Amino acid sequence: MEIIINFINNICETLFNSDMETFWTAFGSIVGAFVLGFSVYQLRVQNKRQNELDERQNNIEEREKYQIELNIKQSLFERRVSSWNILSGLLSSIEEMSGSSHKFGINPLLMYIGLTNNYYLESIQEALGGIDLANREWRTNPKVQNEFLKKLSEMDNFSKEIMLLFSGNEIEELKKFVTVYRNLLKKLYANQLVVDSVRQESINYGQNFDNLSVSNKLEERGKKVVEEFESLKDVACEIKTKDLMKQLFNEIKFTA
């Protein structure tokens, strides 16, 4: 800027010491100097504004990035807590049923009621009917059957999701627990279908239920599901012995 001022002073000295031709030349130079100075000023103002805009944009992007990361972290935390609650509910049901497997015999309904006695599976607790054997809506209502199948699919996805949500050594054991649990529910449903068919055949054709039970191998089926239930209890016991749920809980705390 100092250079431009000196240049203008020189022009002015020349202006008062020269003829008209020199005057107009000097005048044009002065105008050009002003234009140049104004352009430089405008350029600086524009650069300053652009820098301010860039800084504001960077701040906005940083805030958005932080918010996205915060939302992802919050979502992960909530899903992990939800998974921990589901697993806790399933394990509690097994613990409450411990020592009761000998009571189930060939009646899959009793075992099924115990396994679904938690908030995660309560929506399908009526999928095998109830104590009232005359109420066969579970066999005739598609909504009840679909709800059961959807829950089995959900449990299958949940067992896989555990592998994505957590990273500790306990994951494989917990995945196995959910898988065995799901398969046992499926087997109980299939067995209850057979039991119901035998019961209806006995009623409709006046045949002896015990004889039909033997021919349809209900006792053998019952023993197999009891064995699978014992296997499920063993997995649950392993989880409790190794305190895997506490390990899971500690991993959740690091997300918060």
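Colleague: Is Tyr-189 buried or exposed?
Modeller: In this predicted model, Tyr-189 has a relative accessible area of 13% and is therefore buried, a term that means under 20% relative accessible area, with exposed being over 50% and partly exposed in between (1.4 Å probe, protein chains only). Local features need pLDDT of at least 70 and side-chain atom pairs count only at pLDDT 80 or more, while totals for chains, interfaces and linings use all residues. Residues are numbered from 1 along each chain as its sequence is written, and side-chain values use heavy atoms, with hydrogens and water left out.

Colleague: OK, and how many aromatic pairs are there in the whole structure?
Modeller: The search finds six, where rings of Phe, Tyr and Trp (its six-membered ring) pair if their centres lie within 6.5 Å, and planes under 30 degrees apart count as stacked, over 60 as edge-to-face and the rest as tilted. One of them joins Tyr-112 and Phe-148, whose centres are 6.3 Å apart with planes at 50°, so this pair is tilted.

Colleague: Are those two buried or exposed?
Modeller: Tyr-112 and Phe-148 are both buried, and for Phe-148 the relative accessibility is 1%.

Colleague: Why is the pair of Phe-148 and Tyr-189 called stacked?
Modeller: Their ring planes are at 20°, with the centres 4.4 Å apart, so the pair counts as stacked.

Colleague: Switching topic, what lies over the face of Tyr-120?
Modeller: Lys-151 does, at 4.3 Å from the ring centre; a charge sits over a ring if NZ of Lys or CZ of Arg is within 6 Å of the ring centre and within 35 degrees of the ring normal.
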